[in-house]
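Colleague: I'd like to learn how to read the place where two parts of a chain meet. Could you walk me through an example?

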Amino acid sequence: MPKDDRERKWVTFNHFILHFRPVRVPAKTLSYTHTFGLGGMSLVLVLLLVGTGVLLMFAYEPAPGDAYDSVLRLQENVTFGKFVRGVHHWSANLLIVVMVLHLFRVVFTGAFHPPRQFNWVIGLGLLACVLASNFTGYLLPWDQLSYWAITISTGMLGYVPWGGGWLQAAVRGGNEIGRATLITFYTLHTTVVPVLIFVLMGFHFWRVRRARGVVVPRAPGEAVDERPEKVLGLPFLFMKEFVVALILVASVFLFSALVAAPLGEAANAGMSPNPAKAPWYFMGFQELLLHFHPVFAVVLLPLAGAVGLAMIAYLGYGEDPSGIWFVSRRGRALARAAAGVALVLTPILVMADEWLLDLAGMAPGLPPILRDGVVPVGALGLAFWAGYRWVRTRKSATRAEAVQTAFVFFAVAFLVLTAIGVWFRGPGMALGWAG
Ligand code: HEM
């Protein structure tokens, strides 16, 4: 090819890239350990999911009598069928992990503070959509695992006061999990939720650019640099993103080639496995359900968590810690301490509730909503508030440091609850090694 033509091709390619990547970026944001490329990795995983999802649609049949057989046929008779299903399955699970890590990165670099506060809320919307996408996809193979996990999870909706029964029937498309549920989940999974994800992602990226890129890192005590040194986005940013994407795709492909996506026996509505568990990303809530009244475990506590998460971006801090890892040195020490306390305290409280505490025996006349809801949640809430005030006054923590400490405490406690639910709940959901 003549040199002129080659150069023209490069110019065209570069113009194409610059339509969606910034022309100049602050040099300091390019370090891998600033963002770890987690937002970009989430995008790559979403694209992998769409690509493999479309391929799966050629083989999948969304009807209770056919769904399981169509998946079996895909795995056994279609060239690369097992691999494509594996890539879809593992990417979906990895996406949740990567998104949560991205969320942690955003919190710990203070990247949710103005002017990025609304993008934080959009991010939470994306997290909700990705969970919805995973959840609706979970039912589609129509095996024992998926059938009963969705039965358990949609069963939790029944506990929503005033209208829980209606909500449950609406999601299931009737009283039981059946044909209507499968077609509802299939439609949500293949059209409604992906469209929502793409709309929100477009908005998310636009807000990143409107904030003039990602937050610029700085050391504790260092002032915000209003005019940071910039370098060209192409090649410096683009090449790094490209390398991360290649490594991620190669790793997902390799893993999917080695480990097949699980597929159990065909769904049997008459035989519930023991224990019957929700998908792993909802196990934290199923664990809460074992300790608190359902209205608290399924409605009030998750609602408080979601509202609390959204609110941290709007609290008004009187200082701008954005760009500083863990706010300050004291913030880092407090975060470490909060993680340690949550790591020790959560299993102790779970074991105490399982084996020692007998609230029903201690207060036999008390209605369950008070005994298993208002009283324990109120007591834990008071203990938390005392801890928060202690950190604020005795440790002289700023609001940003104290909020971050609270975030770490709750995040680690929820992760521990999830781990207990996944690995330490055996038959009858009794506490013990579940394998
Ligand atoms: C499909 C899911 C998501 C995708 C594809 C995505 C993508 C991205 C990308 C590419 C960036 C640029 C910097 C980076 O790579 O870290 C970014 C930044 C950001 N994301 Fe996300 N994200 C997703 C979910 C979330 C979630 C769950 C949250 C938090 C609740 C969130 C909050 C933010 C915020 C506040 C920024 C600005 C950070 C900064 O300026 O340093 N995102 N996101």
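Colleague: Thanks! Into which domains is the chain divided?

Modeller: Keep in mind that this is a predicted model. The chain splits into domain 1, covering 20–263, and domain 2, covering 275–435. Their C-alpha centres lie 25 Å apart.

Colleague: How many residues does the contact take from domain 1 and from domain 2?

Modeller: Here we look for residues with heavy atoms within 4.5 Å. Domain 1 puts in 38 residues and domain 2 puts in 32 residues.

Colleague: And how much area do domain 1 and domain 2 bury between them?

Modeller: Buried area is the accessible area that two parts lose on being put together. For this pair it comes to about 3200 Å², with 75% of it on carbon and sulfur atoms. On the domain 1 side, Phe108, Met156 and Arg218 supply 21% of the area buried against domain 2, more than any other three residues.

Colleague: Which helices each supply at least two residues of the side of domain 1 that touches domain 2?

Modeller: Helix 2 (32–35), helix 5 (81–108), helix 6 (117–138) and helix 7 (144–157) each do that. Helix 6 gives the most, with nine residues. Sorted by type, the residues on that side of domain 1 are 27 nonpolar, nine polar and two charged.

Definitions and conventions: Residues are numbered from 1 along each chain as its sequence is written. This is a predicted model: local features need pLDDT of at least 70, side-chain atom pairs count only at pLDDT 80 or more; totals for chains, interfaces and linings use all residues. Side-chain values use heavy atoms; hydrogens and water are left out. Domain bounds come from an automatic or database domain assignment. Buried area is the accessible area (1.4 Å probe) that two parts lose on being put together, summed over both. Helices (H or I, at least four residues) and strands (E, at least two) are DSSP runs, numbered from the N terminus. Ala, Val, Leu, Ile, Met, Phe, Trp, Tyr, Cys and Pro count as nonpolar, Asp, Glu, Lys and Arg as charged, and the others, Gly among them, as polar.
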